[in-house]
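Thanks for asking me to look through this model with you. Here are my notes, written so that you can follow them with the structure open beside you.

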Amino acid sequence: MQPDNEAFAPMTDPLAADLMSARLAAIVESSDDAIISKDLNGIITSWNRGAQRLFGYTADEMIGQPVHRLIPKDRFDEEIHILGRIRTGQRIDHYETVRQRKDGSLVHISLTVSPIKDGKGRIVGASKIARDITERKQAERHLASLVEGLPAAVFTTDAEGLITHYNQAAVDLWHCRPTSGAPYWRGSWRLTGSDGGPMPDHECPLRQALKQGRPVLGLEAVIRRQDGTQIPVTHHSTPLRNEAGEVFGTVNMLVDLTERKATEQQLHASASELEHRIAERTQELRTSQERLRALASELTLTEQRERRRLATDLHDYLAQLVVASRLRISQLIPRIGDPAISSTLTQVDSMLDQALTYTRSLVAELSPQILYQFGLAKSLLWLGEQMKQHNLRVSVELGGTPFTLADDQAVLLFQSVRELLFNIIKHAKTDHATLTVSVDEQQELWICVEDEGVGFDMADLTHPGDPHGKFGLLSIRERMELLGGECELSSALGVGTIAILHLPLGQTAVSSSANVQQTAAHPAGSPAKDQAKTVKVLLVDDHAMVRQGLRSILDSYTDLTVVGEAANGQDAVVMARSLQPDVVVMDVNLPLIDGVEATRLLRREHASMAVIGISVRNDPQVKLAMTEAGAADFLPKESAAGQLYDIILRHCPVASSAGGRAVAN
């Protein structure tokens, strides 16, 4: 502790002075610090117990002795300097030095020296307070050794930012020792800001720590050495406080980031190179995948084209030959008087009928002509009917917005739906499925195939060698992606499966319903024609043999006249304008303009003209398409011999009124 100089001033009251002296003596004696007084010659005049504990001498041993007894020989000059300042009335605070104990050992002390004045204010001596700081110095040395051993640059500053201590790592980082008495950011090296220029003082972490009294940690910066080289560092600055809580300096640490930055750059370069290689490999894989998809699609389309070619050949040649043969036989049977020959011809006709049925079935299996002639929607209706042959009931729901697709899109979608339905037959263990087709407001086609069968675990889709048709589902996904669409699958064990095919349509793919004319058939009760005239008939078929067969049938009736023959739909429309027939017998499958469109055009131009559709195929969808286009009736070609004349009579009563009869050949 430090005695107050005012305590040594004279007091007018002797009793009060005695009490004050006793109090001061008790305080001094009980202090843990060494409190010593000496005159201006350095002779000790008082010695408390704290001094005895610190230096080992008793009061009797030290009072009257020179203070040099406590000072190591190499520090005698300190006493001269201290006494000189005391004589001038100066006070010395917390002067750290070394003194010598009685046993010769040295002790680190913090020394505070104050002048002592007599009653007249003259300086007559000095009081010293010595505090043992040995433990603190040991701790400081221990801390210093730890700091010195740190791989990071560590330095301390005073409250003005001047460097007070630093370790060797700081010297190694700076490549020099700090300039004495200069702020570290101006003397030894400079901090560089993010813009590459010198960092302003107010942004410096050390300045912020001193000003704000809080740590500033982990700030990345760049130091510029005196030789101009730049080193990236992280800067940590923490304020130091005294016992009163006042900031008297900072402790700072700079961590060299050169190696880390180099490593980061290497990692970044490696990562960039790796990303580049991955991108290249990914692109190669994507290209290969696209090629495989395109190849798979082309294989599918090639297969469908070949199937269609074979189906067309069967339909255009074999089926037509069978039909023409049946037409000829149907004309011969009534004219044969020999029962045996008639019976044989009947058997041949029956066999031809079986051959025609088989041919139709084969054509449908190879390539459903309805797909190319009437589009995907009607072909899916037909497909739903076909599934009955495999004990699967398919409820088909078509939206009200018509649409058209390119052949390759229609084929892939048709094949995908067909595979989904066959998957249900094979694996779902159910006899019912729902097929929904719709076009939304964004002109996107949605086809949903749903069943309530046993379902499957979606995780099994990616398992190789799966025996349950999952490869086909993945193949469907690939096809849809190739078309620019997608296939969404949802399934779980015991809850069934939902497959959704989604395909954005082009602007021209959606047809306006206004373009679809649905004209009613020519009513049976139309006004009768001139009784003296026969019914004029135009035959339209792309097969000459079929036309010949039909003509030979119709020529046998006196009330019918074949006024012309056309081999395609375009000729049929043109000839109808000039010949003005009463009835047009129209084949469905025609070149240039098919029978459905030709019928629509004829009914639009000639409201009273009756069109009777004929076809080798007898699918309900074919009949529906013709009747929707305006045909008065429809019949299979092989039935023409027995039914065509009656149908003409039904829609043109003038023939019935004329009493038509067959003409013998």
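This is a predicted model: local features need pLDDT of at least 70, side-chain atom pairs count only at pLDDT 80 or more; totals for chains, interfaces and linings use all residues.

1. Let's begin with Asp-541. You will find Asp-541 in the loop that joins strand S17 (535-540) to helix H14 (544-554). Is this residue buried or exposed? Asp-541 counts as buried because its relative accessibility is 1%, and the cut-off for buried is under 20%.

2. Once neighbours within four places in sequence are set aside, the contacts of Asp-541 are Val-546, Arg-547, Ala-566, Ala-567, Asp-587, Leu-590, Ile-614 and Lys-637.

3. Next, compare His-68. This residue sits in the loop between helix H3 (59-62) and helix H4 (76-87). His-68 has a relative accessible area of 29%, so it is partly exposed. Leaving out residues up to four places away in sequence, His-68 touches Phe-76 and Glu-79. Gly-42 is 26 residues from His-68 in sequence, yet their C-alpha atoms are 7.6 Å apart in space.

4. The largest cavity holds about 70 Å³ of space. Its lining is made up of Ile-36, Phe-55, Val-67, Leu-70, Arg-99, Ile-109, Leu-111, Lys-128 and Ala-130. Strand S4 (106-117) and strand S5 (123-132) are the elements that give two or more residues to this lining. By class, the lining of the largest cavity has seven nonpolar residues, two charged and no polar ones.

5. The second largest cavity has about 40 Å³ of space. Around it are His-315, Ala-319, Leu-356, Thr-359, Arg-360, Val-363, Val-616 and Arg-617. Which helix gives the most to this lining? That is H9, with four residues. Helix H8 (258-332) and helix H9 (339-366) each supply at least two. The lining of the second largest cavity divides into four nonpolar, two polar and two charged residues.

Notes: Residues are numbered from 1 along each chain as its sequence is written. Side-chain values use heavy atoms; hydrogens and water are left out. Buried means under 20% relative accessible area, exposed over 50%, partly exposed in between (1.4 Å probe, protein chains only). Contact means heavy atoms within 4.5 Å. On a 1 Å grid over the protein atoms alone, a cavity is a set of points where a 1.4 Å probe fits but cannot get out, and a pocket is an open set with protein on both sides within 12 Å along at least five of seven lines; lining residues have an atom within 4 Å of a point. Grid points are joined across faces, edges and corners, and a volume is the space filled by probe spheres set on the points. Ala, Val, Leu, Ile, Met, Phe, Trp, Tyr, Cys and Pro count as nonpolar, Asp, Glu, Lys and Arg as charged, and the others, Gly among them, as polar.
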